[in-house]
Amino acid sequence: MLYYLFEYFDKTLDIPGTGVFQYITFRSALAFMLSLLLSTIYGKRVINFLRRQQVGETVRELGLAGQNEKAGTPTMGGLIIIFATLIPVLLFARLHNIYIVLLIVTTLWMGTIGFVDDYIKIFKKDKQGLKGIFKVIGQVGLGIIVGAVLYFNPAVTVRTDTGRADIFKTASSSTVIVPAGIEEKSTATTIPFVKNNEFDYAEVLSFMGDGYEKWAWLVFIPVVIFIITAVSNGANLTDGIDGLAAGTSAISVLALGIFTFVSGNIIFSNYLNIMYIPNSGEMTVFISAFVGALIGFLWYNSFPASVFMGDTGSLTIGGIIAVLAIAVRKEILIVLFCGIFLAESASVIIQVSYFKYTKKRFGEGRRIFLMSPLHHHYQKKGYHESKIVTRFWIVAVMLAILSIITLKLR
């Protein structure tokens, strides 16, 4: 909203200095600082409110050290992340940008699913929360919306021939950039570590003959549904010990912020020889607010946690990361910069599958890990929560750096 106000001051009233709001970097910095202040200063008030409402976590007996001390800790802290993200975005982002609209819808959609789940657990005294089938329906519904918008909306275009941008100086010495190529609708994505690294989902249907491109949505939308469902569930599984999900997510989103900024900037995309995605740079404002909210939330969620994010936060985080990756055409890289989510999810899948297999074959279920998800395995081995979280953060940083260097390493 402030963006439009200052745009009016600049273009209509010609007030000196107000044009600075046109710069994404400036608005991103403001969004980060405001979200950080909101989450740290007002986060305590939210926690006190949750405590007064007796919104306390019910801890299952898993035989983990320090587990019983967590009972009664306020949950639904994901509300702090949601509000601290959306308020700066509404103030500083261009709200008519289709990518910003999608991210706001994603935040509210997944936040609502997580809130309902937490509400049932706490106030209905049902430890299972929202039935899994309804969670999946919600995730699939969001996937259909995001996939359909990205595929059919005319404002979502790409250009892969970034080397054909004409850059020259005007008489007033200002730099003018004129994209020489044609922006086009495409379902292309990026394959890391490979030259000429664009893959078009439409190619899967090439066997259909001429005109197969118009049916690309049959592949693209299911892929979007799968990614949103997988990443949101992965974030949900990672949220098991103090600071783990928020910290690793902040690192992943920072990496995505770099991809978003360079992909939405014709100069950087030209230099790096990557896909140029018009208007996508505006997502940097959202990402800055989101990172600020996650870091501010860590103020209260680091060990020993004063609040848990609950499904309200974890499902929202996963949904946002998935949509960001898809929008910036880096969804294949999710296996790298979301490697912690992948490892946590894989540990559960492997554990359950192996247990069922051995029970069927030997009559007795056997386990590979002491407990799943993976962070509980290390807890069972005697590692302190803080050590586990810190080491997972270090691994997340390494994976984020590896993801970033794919911009040139191919």
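## Aromatic pairs

The structure holds 16 aromatic pairs. In the pair formed by Phe 261 and Phe 268, the ring centres are 5.7 Å apart and the planes lie at 50°, so this pair is tilted. The model is a predicted one.

Both residues of that pair have computed accessibilities. Phe 261 has 26% relative accessibility and therefore counts as partly exposed. Phe 268, at 37% relative accessibility, also counts as partly exposed.

## An aromatic cluster

Six named residues belong together here: Phe 6, Tyr 8, Phe 9, Phe 21, Phe 26 and Phe 92 form one aromatic cluster.

## Charges over rings

Arg 366 lies over the face of Phe 362, 4.2 Å from the ring centre. Lys 408 lies over the face of Tyr 271, at 5.4 Å from the ring centre.

## Helices H2 and H9

Two packed helices are described by the angle between their axes and the distance between the axes. The crossing of H2 past H9 is right-handed.

Residues from both helices meet in this contact. On the H2 side they include Ile 24, Ala 31, Phe 32, Ser 35, Gly 43 and Ile 47. On the H9 side they include Thr 284, Ala 289, Gly 292, Gly 296, Phe 297 and Trp 299. Arg 27 and Lys 44 are also among the H2 residues that meet H9.

Terms used. Residues are numbered from 1 along each chain as its sequence is written. This is a predicted model: local features need pLDDT of at least 70, side-chain atom pairs count only at pLDDT 80 or more; totals for chains, interfaces and linings use all residues. Side-chain values use heavy atoms; hydrogens and water are left out. Rings of Phe, Tyr and Trp (its six-membered ring) pair if their centres lie within 6.5 Å; planes under 30 degrees apart count as stacked, over 60 as edge-to-face and the rest as tilted. Buried means under 20% relative accessible area, exposed over 50%, partly exposed in between (1.4 Å probe, protein chains only). A charge sits over a ring if NZ of Lys or CZ of Arg is within 6 Å of the ring centre and within 35 degrees of the ring normal. A crossing is left-handed if the near helix is turned anticlockwise from the far one by less than a right angle, and right-handed if clockwise. Helices (H or I, at least four residues) and strands (E, at least two) are DSSP runs, numbered from the N terminus. Contact means heavy atoms within 4.5 Å.
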